[in-house]
Amino acid sequence: MKFKHLIIPTMAVCIMTGCSSGRNIKVMTYNIHSGIRSDKVPDFRGQAGIIRAEKPDVAALQEVARFHRDTPELDLPLELGKAAGMYCHFAPAKIRPDRWEYGVGILSRKPTEFIEKVFLPVPGNIEPRCFAVYRLPGDPVCYLVVTHLSYRGECPGDDKVRMESVKTIKNYLDKNNFYPAILGGDLNCTRDTAALKYLAEYGDIWNDTDPRPITSLKSQCQVDYICTFPKGRFKLKKFYVVNDLTASDHCPVVAELVLHQNK
């Protein structure tokens with residue numbers, strides 16, 4: 001699916017000031033629950049309103065669906081992009097015979113190059129998972145990875161499945177030298193798990209600046225993360241969780257980042 005040109009907080013933690021030099025990138029990660037509110041009423045426009053109000057340069061989206069059983073005629077990524085006034089791209093991990101597609105995607109303020117969708121190593125009897133890779137416009141060059149990992153309890157040994165998933169993402173970035181990179185996603189695990197500890201070895205997990213707000217209604221903890229690689233390559237201006245568990249069953253998570261030229 002190619003890009004289509006569209007017509008059309010609770011507590012913020014501030015880390016640094018005087019960041020005007022360098023490239024400023026405002027990133028959101030948001031599990032949009034197939035465009036369905038937490039009370040199970042379809043309403044993607046509420047989610048679009050939140051995204052429009054926050055004005056991210058790019059939003060990494062999870063649980064993106066086209067032709068969902070509750071909205072069988074809705075091309076959600078396209079219509080969400082129109083409602084938010086942004087470009088859209090959708091990377092399905094699962095396509096059903098009844099046209100229902102499900103996966104990850106992005107909304108972006110400027111046309112953004114889609115590089116590749118890569119399937120993650122998960123057991124064959126559970127939901128397929130993938131990550132999508134993009135090159136963000138601007139200088140210095142910067143890559144974005146969007147993913148949604150297997151949920152806790154989905155299969156025996158699911159912690160190991162998520163660990164293998166994050167290793168796959170890291171190995172892919174290494175192999176292609178896709179750095180500096182931003183990772184936005186619903187990682188379906190807490191900060192004390194092996195998968196997050198592994199990512200923290202190589203990059204910065206900006207949720208560490210404020211681990212208190214929950215991001216998932218079901219999990220009642222933070223499972224949605226924004227990370228950057230390599231460690232120390234980005235600086236943080238502000239991190240916050242948008243306190244809204246009504247438009248979706250997840251809160252949007254936002255980081256305002258600064259990327260300087262590598263010296």
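1. How much space lies in the largest pocket? About 770 Å³ of space lies there, where a pocket is, on a 1 Å grid over the protein atoms alone, an open set of points at which a 1.4 Å probe fits, with protein on both sides within 12 Å along at least five of seven lines, and the volume is the space filled by probe spheres set on the points, which are joined across faces, edges and corners. Of the 26 residues that line this pocket, H33, E63, Y102, Y151 and D249 are the closest to its centre, a lining residue having an atom within 4 Å of a point. Strands β3 and β6 each supply at least two residues of the lining.

2. The model is predicted, so that local features need pLDDT of at least 70 and side-chain atom pairs count only at pLDDT 80 or more, while totals for chains, interfaces and linings use all residues. Residues are numbered from 1 along each chain as its sequence is written, and side-chain values use heavy atoms, with hydrogens and water left out.

3. An open sheet of six strands, with mixed pairing, runs in the order β7-β8-β9-β10-β12-β11; strands (E, at least two residues) and helices (H or I, at least four) are DSSP runs numbered from the N terminus, and two strands pair if DSSP finds at least two bridges between them. Its edge strands, each pairing on one side only, are β7 (113-119) and β11 (204-205). Strands β7 and β8 (residues 130-136) pair in the antiparallel sense over six bridges, and F114 has Y134 in β8 as its bridge partner.

4. The largest nonpolar core has 28 residues, and L144, I182, F234 and L257 have the most contacts inside it; such a core is a set of buried Ala, Val, Leu, Ile, Met, Phe, Trp, Tyr and Cys residues joined through side-chain atoms within 4.5 Å. Apart from it lies another core, of 27 residues, among them I169, L187, I205 and F229.

5. Residue E101 lies in strand β6 (residues 101-108) and is buried, with a relative accessible area of 14%, where buried means under 20% (1.4 Å probe, protein chains only). Not counting residues up to four places away in sequence, E101 touches V64, A65, R66, F90, P92, K94 and I95, contact meaning heavy atoms within 4.5 Å.

6. Helix α2 (residues 76-84) has L76, P77, L78, L80, G81 and A84 as its buried residues, and what covers them includes α1 (44-54), β3 (58-68), β4 (71-75), β5 (87-95) and β6.

Technical notes
Buried < 20%, exposed > 50% of the residue type's maximum accessible area, 1.4 Å probe, protein only.
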